[in-house]
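Here is a friendly walk through a two-chain model, meant to be read with the structure open beside you.

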Amino acid sequence: MIEAVGLTKRYGAKTAVDDLSFQVRPGAVTGFLGPNGSGKSTTMRMILGLDRPTAGHVTIGGHPYRDLPNAPRQVGALLDAKGVHGGRSARNHLLSLAQLAGIPAARVDEVLGVVGLQDVAKQRSRGFSLGMGQRLGIAAALLGDPQVLLFDEPVNGLDPEGIHWVRNLMKMLAAEGRTVFVSSHLMSEMALTADHLIVIGRGRLLSDMSVTDFISANSADFARVRVPDDGPGERRKLTASLIEAGGRVMTEPGGALRVTGLPLPRISDLAHGCGVRLWELSPHQASLEEAYMRLTQGLVDYRSTDDAKAGLVEPLPQDPYGSADGFASPEPVEVPQEGWYAPPPPVPGRAPAAAPAPSPAATAGPAPAADAVVGPSSAAAVAEPSSAAAAGEQTSKDLR
Amino acid sequence: MTTPATPRHQQGPDAGLLGSYESPIPIRPATLGDAVASEWTKIRSVRATVWTLGVMVALMLTVGLGTALLLAADSSGGMPDEPVLALGFFGVLLGSICVITLGVLTIGSEYGTGMIRTTLTACPSRGRVLAAKAIVFAALAFAVTTVTAAVVAALQTLILGGAPASADDWLRGTVGVGLYLAALGLLSLGVGAIVRHSAGAITIMIGVVLLPLVLALFMFADRLRGVQRFLIEYSIPNQIGALYGTTMTESGPSGWEPLLLMLVLAAAVLGGAVAILNRRDV
């Protein structure tokens, strides 16, 4: 069991980790997700006592890491595959770590076999590929047969067979009743491995819930509605009616409407009610990966200049619907993501003073600007019931 | 949870908090002895150790024997008035650079490769890690230097004969020199831990060895006479010379005093390194 309370790390003016509180429970694989530079590795280092938190604390089984009497026997960690002296053989590297914790040398050969490095055990690790380095790091983590395991990007550089192996290893370790905490920036990988997800962005907690809850709360199903092209009047009428019924409406490049928060039959009923013909009414489900990118899009620190990814995620026009032809739309929602794509951080109860302002997604990044949203500002609160129920306590906090 | 016996029956509160998994391998607290064993594995399994110590032994042997053979050929009767042991000085002075390098690399290579994070994760007690490194490195440097210095001294005495040396002279010229170089290496280890950069730390240490003499060379002014004298007397080459009983000046540390000074300096820097390491992020 890992428990972080108000964990904060500042490097000068930059805040790498900002008031992070979470628990990692035994018997499950907990995924730790976030874009590059979001503070995952810093958090890992603070858990392992390598970095000192600016504020807050983190404990493992109730003890700070540096107070554990024999750390490798209780906590195994893969930090980065580079943490190895390249001139030393794989076996000697592991032997030195085993001796440090009083682990018998026979265990070294055991873990070398587990990770499949027995044939290159005598070779100097400088010649290892990235994947072999990862296997060596995993061997070091398993060395002490610990109850708690931390892996920072364990599948980096592994071949498909290796990825499959790591996936099964994580699940097996968790099934034995261990605490397994795995960081990654690959949502697709975590969807297959993890039972529980902790998502951070810019050092702040974005989401802390089970994978199933995360999917239902974030997968952002929507309905595409197309009305005849004979003037904006029909679209305007329908949009107003949909918003009135509690839905949220966005426009797509082709002129279609993207409606969220209303079931398809209801949309059809509303269209019928205001006398608008529909040319298309189709359900769409965004992938989990897309949901994750929506959740973190405003919080990505390192982005290529042409912004190709953001373009893929948000294929929406620059001008908000109606603003060009003078449609008197209700003011745009201030926090497009909140309660919809980004569940609010679940921490306020624990650390009220530093509870994050509305949502970092709203204030950060230019991406949401392209995503013109029209709807009452209370729309976020009237999120579709299924998502509210699934998100549990997180979403209930949003219904202020 | 920390007791080695019968893990199945340990249902203490800690075990419950850590989770349901219990390792079948008994757990006992790690000790300094474990850390020393680990550091010994580390130091013997990298080539830097063999290289630096090998070069040092080669330097001490060739320089020591070379001077002895040259002198023997030159005056055909040795040097009756100078103690023969002092000839070992040149080899030891050159060898000290190798000890400095190995001392810095013992910790610097961990920072250079990122191994330090692995090490400090496996042993969160940073003082213990540094202590184990110091013990293993100092023992190795002391053993190699003392044995080589003794062999060189014996060979030189055989070749040149010369004035008979007292037992204390022999002790200072072998064990004393071995301890002095080990302490100099520990100073380098401490500097390496503080600087965290091998090349930087080695440069600093070579400066520490050579700079005082070089600076003193240029201090001609009368007002600097005192500083010049101090720099010469306490420069590391002169201190090594003092162990052999041949110094550049008449005053200054003599006998075993240089060793004491170096041990105190090394202890102070290592103590500072532990304090800094404990506060610093890795």
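Asp19(A) is buried, because 23 other C-beta atoms lie within 10 Å of its own and 20 or more are enough for that label. Please keep in mind throughout that this is a predicted model. Asp19(A) sits in strand β2 of chain A, which covers residues 14–24. Its backbone deserves a look too: the phi of Asp19(A) is near 50 degrees, a positive value in a residue other than glycine. As background, most residues other than glycine have a negative phi.

Arg202(A) is not a glycine, yet it has a positive phi of about 50 degrees. You will find Arg202(A) in the loop between β8 (196–201) and β9 (204–210) of chain A. Is Arg202(A) buried or exposed? Arg202(A) counts as buried, since it has 24 C-beta neighbours inside 10 Å.

**The two chains**

Stepping back, chain A has a secondary structure of 15 helices and 13 strands. Chain B, by comparison, has 11 helices and 0 strands, so from the N terminus on its elements run α-α-α-α-α-α-α-α-α-α-α. Of the 400 residues in chain A, buried residues make up 51%. In chain B, 43% of the 282 residues count as buried.

Taking contacts with a separation of 6 or more, residues 24 or more positions apart account for 72% in chain A. The corresponding share in chain B is 78%.

**Where the chains meet**

The contact between the chains takes 46 residues from chain A and 35 residues from chain B. On the chain B side, α1 (13–18), α2, α4 (88–113) and α5 (115–122) each supply at least two residues. By class, that side of chain B has 16 nonpolar, 12 polar and 7 charged residues.

One helix pair spans the two chains: helix α3 (residues 90–100) of chain A packs with helix α2 (residues 32–44) of chain B. Another pair to look at lies within chain B, where helix α7 (residues 167–195) and helix α8 (residues 198–217) cross. The table puts their geometry side by side.

| Helix pair | Angle | Axis distance |
|---|---|---|
| α3(A) and α2(B) | about 165 degrees | 7 Å apart |
| α7(B) and α8(B) | roughly 135 degrees | within 9 Å |

The crossing of α3(A) and α2(B) is left-handed. From α3(A), the residues taking part are Asn92(A), Leu95(A), Ser96(A), Gln99(A) and Leu100(A), and they meet Asp34(B), Ala35(B), Ala37(B), Ser38(B), Thr41(B) and Lys42(B) in α2(B). The residues of this contact divide into 4 nonpolar, 5 polar and 2 charged.

**A helix pair inside chain B**

For α7(B) and α8(B), the angle of roughly 135 degrees makes α7(B) oblique to α8(B). Their crossing is right-handed. Here Ser188(B), Val191(B), Gly192(B) and Val195(B) in α7(B) meet Ser198(B), Gly200(B), Ala201(B), Ile204(B) and Met205(B) in α8(B). By class, this contact has 5 nonpolar, 4 polar and no charged residues.

Gly200(B), one of the residues in that contact, is found in helix α8 of chain B. Gly200(B) is partly exposed, because 14 other C-beta atoms lie within 10 Å.

**The nonpolar cores**

Which residues have the most contacts inside the largest nonpolar core? They are Leu94(A), Ala139(A), Ala141(B), Tyr180(B) and Ala183(B), in a core of 146 residues. Helix α6 (residues 126–160) of chain B gives the most to this core, with 15 residues.

Leaving out residues up to four places away in sequence, Leu94(A) touches Val108(A), Val111(A), Leu112(A), Ala139(A), Ala140(A) and Leu143(A).

Note on methods: Residues numbered from 1 in each chain as written. Chains lettered and ligands numbered in written order. Predicted model: local features only at pLDDT ≥ 70, side-chain atom pairs only at ≥ 80, totals over all residues. Axes fitted to C-alpha atoms, helices over the stretch in contact; angles between N-to-C directions. Helix = DSSP H or I, 4+ residues; strand = E, 2+ residues; numbered from the N terminus. Left-handed = near helix turned anticlockwise from the far one by under 90°. Contact = placed C-beta atoms within 7 Å. Nonpolar A, V, L, I, M, F, W, Y, C, P; charged D, E, K, R; others polar. Parallel < 35°, antiparallel > 145°, perpendicular 65-115°, else oblique. Core = buried A, V, L, I, M, F, W, Y, C linked by C-beta atoms within 7 Å. Buried ≥ 20, exposed ≤ 12 C-beta atoms within 10 Å, placed from the backbone.
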